[in-house]
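Here are a few notes to read alongside the model. Have it open and follow the points in turn.

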Amino acid sequence: KVSIRCSFSEKFPTHFFGGLDFGTSGARISIINFKKELKYTNSVPYQYGFKNPNSWINSCEKLLDNLPLDIKKNIVNLAISGTSGTLTACTLRGDPIGEAIPYDQACNENKILIESITGGEDHLQTPYSSLAKALKLIDKFGENIILRHQSDLITGWFLKDWKYGEEGNNIKLGWSLIKESWPKSYLKTSWQKCLPLIIKSGKILGQIDTDLAERFHLNKKILLVSGTTDSNAAFLAAGLGDEEGLTVLGTTIVVKKINKTPIKEKGITTHRVSDNWICGGASNAGCGILSQFFSDLEIKELSRQINPSKKTSLNLLPLNSRGERFPVNNPFLEPILSPRPVSDSLFLHGLFEGLARIELKGWEKLYELTGSLPKRIVTTGGGSKNPQWRAIRERIINIPIISCKKTTSFGTALLAINAK
């Protein structure tokens, strides 16, 4: 599946700003101009699957190959976003070693050690934390490695320098946005050298590697900008107000809202985006479960048969796999996907309702922690395009919902244009 959209109104060369986003199923690039108008977008699926970091690099190469020459020569800034909590081990030269551990995989092997070095840091004491994944990778490959999240690995590939890590991507690894440091307990460990040098999101890191620029016929003076997580990029794309909330309906469901202060709790992440504190959580349920049963075309056709104002008698818990991160933190929670009715449209209706109930519980959890609910929910991601699902969500959540057509990579491109 390759989708391309391109429009050129400029008679003369202009400066372009690029955003690359790496998700669960593939990568997308968005190119914008000074006026923040989308000039080009393209997406490609992963060739070898999500867990293989070479898939990320391969998809990046395809996107760069396909860029029109006019854009290649006039990109000035480029930023990268990726899934939050997907961690990979690399050699000191940035070559991936083995498979990455994805964001939704629980690592229970070092529970006692984690508790001993993360006193008072509840958000790190979950088996879904990047710290749990880091210790598992160190156990497997030793300490003569570097540990990098998806976005940081690709940024390093462009620079041919893998020393940096963006602050938001590394919160789950232990970085504190408030103290702007790693936990003091890390100083006593022999593996601290595996961690990246942390840079704030939106900061200029350096110039693209010359050989890479030549290989893809790119502007040799492109500046790489410290990126962000995919859900933070979606937040930037949506342009949320103080009283609005964001739901991302991708492979998993993410809910986020602006809060006056940061929150520390298992399953909750707090990020700093454009001088705001953004708190939220990501479920292990989402569109991923739908694609286990139906194709995109089947979902579209079956959705037309659904009356969203009617309730089904189904009580499904449509997790993508065993375990949940948010709104409850339980790595042993089992999905409930039966009894499956004979009617496919009724089954899809029940899955939509189950996902909407998970989203509702997410908003209730954020209400419990922040004392307020959004007055309107802005939705991005593939699931935001489905009108029946949106109507079911509005009925169950009881908050007005609108869709945002801007992609996550568009939000990443905004980060590139505002770089400092």
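1. Start with a pair: Val248 sits opposite Val254 of strand S14. Strands here are DSSP E runs of at least two residues and helices are H or I runs of at least four, numbered from the N terminus.

2. S13 (residues 244-249) and S14 (residues 253-259) run antiparallel and are joined by five bridges. Two strands count as paired if DSSP finds at least two bridges between them.

3. A word on the source: this is a predicted model, where local features need pLDDT of at least 70 and side-chain atom pairs 80 or more, while totals for chains, interfaces and linings use all residues. Numbering starts from 1 along each chain as its sequence is written, and side-chain values use heavy atoms, with hydrogens and water left out.

4. Now the open sheet: six strands in the order S15-S16-S14-S13-S17-S18, with mixed pairing. S15 (269-273) and S18 (401-403) are at the edges with a single partner strand each, so one side of each has no neighbour in the sheet. From one strand to the next, the twist averages 30°.

5. What lies across S13, S17 and S18? Helix H11 (residues 387-397) does, at about 155° to S18. Angles run from 0 to 180 degrees between N-to-C directions, with axes fitted to C-alpha atoms, for helices over the stretch in contact. Contact means heavy atoms within 4.5 Å.

6. Elsewhere, helices H1 (residues 53-66) and H5 (residues 150-159) pack at about 55°, their axes 11 Å apart. The residues in contact include Trp56 of H1 and Trp157 of H5.
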